[in-house]
Amino acid sequence: MSIVELRQYTLHPGARDTLIDLFEREFVTGQQAVGITLGGRFRDLDHPDRFVWLRAFPDMAHRRRALEAFYTGPVWRAHRDEANATMIDSDDVLLLSGPGYLPDPGTTDVQATICRPPTATAFDAWADRHLHPRHALHRTEHAVNDFPRLPVRTGLDVRAWFGPSEPPPWPPFQRLRLAPVTAAD
């Protein structure tokens, strides 16, 4: 299992493609160069001004070092003003433990579900019947955010997974319909 950030950015109207272009051109390789594993990157199909993406780290110590290296490094310094100009909010971040997620090539839409089960036991019983390894199940990582420059949401105990599934027996916290960003974008 990895430490995974599920990041949802709310952008200024019409700025999503500007950020995606910059992200794919500069930030993918810039983050990979400091040891960050990039997962799926998505357009939210129900919110035209939202960009959703994942990144993963082997553990919290690697996360802190990699984030320090990236956010003090030359790639972020050169492009941060342009990136930040597209964003209204970049603090909707869940810190999770799980396998990460990268859609298969050719995938055109992905469903993601984030829910707050009443108990871990209730969720585990439901998940055993309805989820499979291909759903890439993630759970809240309750570690302290040791890179406070980038806030994460706290006080939540969530489960998140990717792919179609039976709806959980409690209301989902959030259901996302996502279109993967591809190299052709």
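**Notes on a predicted model**

1. His79 has a relative accessible area of 16% and is therefore buried, the cut-off for that term being under 20%. The model in which this residue is seen is a predicted one. His79 is found in helix α3. Setting aside residues up to four places away in sequence, His79 touches Leu22, Glu26 and Phe27.

2. Helix α3, residues 74-84, also contains Pro74. Is Pro74 buried or exposed? Pro74 counts as exposed because its relative accessibility is 60%, and exposed means over 50%. Between the C-alpha atoms of Pro74 and His138 the distance is 32 Å, and the two residues are 64 apart in sequence.

3. The strands deserve attention next. Eight of them form a closed barrel with antiparallel pairing, in the order β1-β3-β2-β8-β5-β7-β6-β4. From one strand to the next, the twist averages 35°.

4. Within the barrel order, β5 stands between β8 and β7. Five bridges pair β5 with β8 (residues 174-180) in the antiparallel sense; in β8, Arg177 is the bridge partner of Gln111. β5 also runs antiparallel to β7 (residues 159-162), with four bridges joining the two strands. In β7, Ala160 is the bridge partner of Ile114, while Phe162 stands opposite Ala112.

5. Helix α2 (residues 60-71) lies across β1 (2-11), β3 (50-57) and β4 (87-98), and it runs at about 125° to β3. Helix α4 (residues 120-130) packs on the sheet, where it touches β5, β6 (138-140) and β7. The direction of α4 makes about 20° with that of β7.

6. Which residues of α4 are buried? They are Phe123, Trp126 and Ala127. These residues lie on the same side of α4 because they cover an arc of only 100° around the axis. The elements β5, β6 and β7 are included in what covers the buried residues of α4. On the other side of the helix, Thr121, Asp128 and Arg129 are exposed.

7. Arg159 belongs to strand β7. With a relative accessible area of 4%, Arg159 is buried. The side chain of Arg159 is joined to that of Asp157 by a polar contact of 3.1 Å. Neighbours within four places in sequence left aside, the residues in contact with Arg159 include Thr113, Ile114 and Cys115. Phe123 is also among the contacts of Arg159, and Phe123 is one of the buried residues of α4.

Notes
Residues numbered from 1 in each chain as written. Predicted model: local features only at pLDDT ≥ 70, side-chain atom pairs only at ≥ 80, totals over all residues. Heavy atoms only, no water. Pairing = 2+ DSSP bridges. Buried < 20%, exposed > 50% of the residue type's maximum accessible area, 1.4 Å probe, protein only. Axes fitted to C-alpha atoms, helices over the stretch in contact; angles between N-to-C directions. Contact = heavy atoms within 4.5 Å. Arc of directions from axis to C-beta. Polar contact = N/O pair within 3.5 Å; in protein donor to acceptor, adjacent residues only side chain to side chain.
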